[in-house]
Amino acid sequence: MAPADLLSKNYASWGRYPVACPAAVERLAWRDALPDLGASERPVLAYGQGRSYGDACLNSGGVLLDTDGLDRLIAFDRVTGRVRAEAGVTLAKLLDVLVPAGWFLPVTPGTKFVSLGGAIANDVHGKNHHIAGTFGRFVTAMELVRSDGQRLLLTPSGEHDDLFRATIGGLGLTGLITWAEFQAIPIPSDQIAVTRTRFRSLPEFLALAGAAADQPYTVAWIDALSPAGRGLFMQGHHAPGGLPAPSRFRQKLAAPFDVPSGTLNALTVRAFNAVYYHAQRRDVARSQTHYEPFFYPLDAVGNWNRIYGRRGFLQYQCVVPFADGVAVTEALLAAISAAGAASFLAVLKTFGDVPSPGLLSFPRPGITLALDLPHRGPETLALVRRLNAIAIEAGGALYPAKDAVMSPAQFRASYPDWEAFGAHVDPKFSSSFWRRVTASES
Amino acid sequence: MPRLTVRRLLVVGATSRIAHETCRRFAAEGASFVLAARDPAKLDAVAADLLAHGAALAEPFLLDATDYDRHPALLDAAVAHLGRIDAVLVAHGLLPDQAKAERSVEAMRYAFEVNATSVLALLTPVAAYFEAERRGLIAVLSSVAGDRGRRENYVYGAAKAAVTRFLEGLRVRLAPAGVTVLTVKPGPVKTPMTAHLEQGVLFAEPEDVADRIYAAMTRGRDIVHTPSWWRPIMGVLRNLPERVFKRLGL
Ligand SMILES: Cc1cc2nc3c(=O)[nH]c(=O)nc-3n(C[C@H](O)[C@H](O)[C@H](O)COP(=O)(O)OP(=O)(O)OC[C@H]3O[C@@H](n4cnc5c(N)ncnc54)[C@H](O)[C@@H]3O)c2cc1C
């Protein structure tokens, strides 16, 4: 347990807010040679790639278990598409192996630089949620190490099926996942056929989403500074064609330093969003692209989170039921506009009704809105509280992976199964997020 | 320079992070491996990973590198499994506790044995094999630490210096037989071996180091520094007069 690690590697979250320093870090290198988790006096928590934005992956004053070294594949059946790998392996490394063999991740978030364990612990969703549901649905088995030394084999319908459901979307609180097995999906090529359609309002967006319900991948970018909700709707599917030779993708660009915080003001963002909206001349445009830019547009710029400067930024993501979905989403956009808060393109998507196995899974049927808000201090926090209140009021839910602000009451409202979940929390495991949302409110 | 075909590899110290990461690149091309290391569980984990990455074969062989009597058996097993060997990658080693090695002759000798003597011993039958084959590649992980004795780690550095010099001579000897000898000189890399050290900006990512080793092996190079900027740095350090170097206290 080296304090030196704290100097050499930055154990922050992706939004770099809040800042919470662990007291110590354990680097895990071999799954058969783990430290004794029960011996720790401080609370422990697994840390994947730190791609959660808020404090779900932070453990202030506790011990972080850095899973970066647990990055080996255990088995890959090229015929059936079953993949078993250590929990620290990144989706990027998995894709390097899967794609040339004609397989793809069944569900992927908007960055491939997350770990398998992190994808399970947040039960991530992707552009295919309306058809495929969450990543957790494709997990066929995993090993969970508890602080009492037990190594449990969790499967969807085996002996520990309750612990399986608690661990999918379990925010790392049920123990350490050492490996997991999932079912990949077959693909004909590494290309995606994309159709982009411009929309001028939220009802128009919903109509497009409804019409594209049988398309595997759908998502929209909206201009969060336009209260009507203008934007671009994208739909895509794996295109026919050939597979690439095995290769190792390299990150090309990186923001090497922190950009002064003032650079991103309402004006530059307004201009950027307008350019994006008008970039395509026709209302409907078709193209074919490699899967990288389609799924991971931001990954091409490493450390892009730094463009928000030292103070970092807040991510916001909620889901609201379809019933008043348009009105509530309009209210959220209006609140953002009124606050003059600069947000680059926001993401809008509809979640489907494919149920997740996870007790604390975030996705549920409705409209989900996700955006970045540069952190300008108390006013930004106040805005997020306002947005949270609107979403919860409407019967919606907030996403822990993107949260640094929600209150204990809002957490309970978002996750009605939280008490049943609590019974599965390992007594030695905790996180800054968990302590925050389970604190008693005075 | 013609590209070398490296499809059948014997790897010693296969559970080292750098060796494993390098092997993944060959595995993706369908290479076959005989993998030697001490710890059976770690060895199995690495073998499974390489198979999943596309290796045609990944045969584990339990070996403590200082068990000299087993070196010929390792080579025989590799030939038996692979048919013939295209390349041998030697990557085992340990980073000794310098302070301890200064006090204890036992600790100093063990560090030298693992990092130098066992490597040279192993290379003896390996060189004979390739010399007879009149082809092949021997790649060995030495270190920039072998280029100048430093206050901080001269025990390790002295052993790596022995390896580097040995390889120089071996390269001249085997060149007429068409055998390539590659000396790999990494600077510090972020691996379990260095996890206890304060890892500053000079520490490289194992993936980048492996990329360079892979490129050097397939291009038949003689020496490769990983990352590349260690070459000019060591060029300067090596040529500093002793009088000056001494005062730097490095
Ligand atoms: C650009 C970007 C786009 C994103 N897009 C999406 C998206 O489209 N959909 C979506 O759902 N999310 C999205 N996210 C969020 C991201 O997918 C999740 O936060 C993911 O969980 C991060 O994985 P990680 O490996 O970085 O885990 P971390 O952030 O390090 O940890 C996340 C949680 O996983 C737990 N954990 C990690 N490893 C283990 C383990 N081995 N055992 C037990 N628990 C573990 C941690 O304790 C923590 O609770 C996005 C994030 C970014 C930066």
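**Notes on helix packing and the ligand site**

1. H1(B) and H7(B) are oblique to each other, because their axes pack at an angle of about 55 degrees. This is a predicted model. The axes of H1(B) and H7(B) lie 8 Å apart. Their crossing is right-handed. To find the pair, look at residues 206–219 of chain B for helix H7.

2. Which residues of H1(B) meet H7(B)? They are B:Arg17, B:Ile18, B:Glu21, B:Thr22, B:Arg25 and B:Phe26. Among their partners in H7(B) are B:Pro206, B:Ala210, B:Ile213, B:Tyr214 and B:Met217. The residues of this contact of H1(B) with H7(B) divide into 8 nonpolar, 2 polar and 5 charged.

3. Helix H1 (residues 17–27) of chain B also packs with helix H2 (residues 40–52) of chain B. Their axes come within 9 Å and cross at roughly 30 degrees. Angles under 35 degrees count as roughly parallel, so H1(B) and H2(B) are roughly parallel to each other. H1(B) passes H2(B) in a right-handed crossing.

4. On the H1(B) side, B:His20, B:Cys23, B:Arg24 and B:Ala27 make the contact with H2(B). They meet B:Val46, B:Asp49 and B:Leu50. The residues of this contact of H1(B) with H2(B) comprise 4 nonpolar, 1 polar and 2 charged.

5. Now the ligand. How many residues surround the ligand? There are 34, and the closest are A:Ala46, A:Arg51, A:Ser52, A:Ser115 and A:Tyr399.

6. Backbone atoms also deserve a look here. A backbone N or O atom of A:Ala46 lies 2.6 Å from an oxygen atom of the ligand. For A:Gly118, a polar backbone atom is 2.8 Å from a ligand oxygen atom. For A:Leu171, the distance from a backbone N or O atom to an oxygen atom of the ligand is 2.9 Å.

Terms used
Residues numbered from 1 in each chain as written. Chains lettered and ligands numbered in written order. Predicted model: local features only at pLDDT ≥ 70, side-chain atom pairs only at ≥ 80, totals over all residues. Heavy atoms only, no water. Axes fitted to C-alpha atoms, helices over the stretch in contact; angles between N-to-C directions. Helix = DSSP H or I, 4+ residues; strand = E, 2+ residues; numbered from the N terminus. Parallel < 35°, antiparallel > 145°, perpendicular 65-115°, else oblique. Left-handed = near helix turned anticlockwise from the far one by under 90°. Contact = heavy atoms within 4.5 Å. Nonpolar A, V, L, I, M, F, W, Y, C, P; charged D, E, K, R; others polar. Near = heavy atom within 4 Å. Polar contact = N/O pair within 3.5 Å; in protein donor to acceptor, adjacent residues only side chain to side chain.
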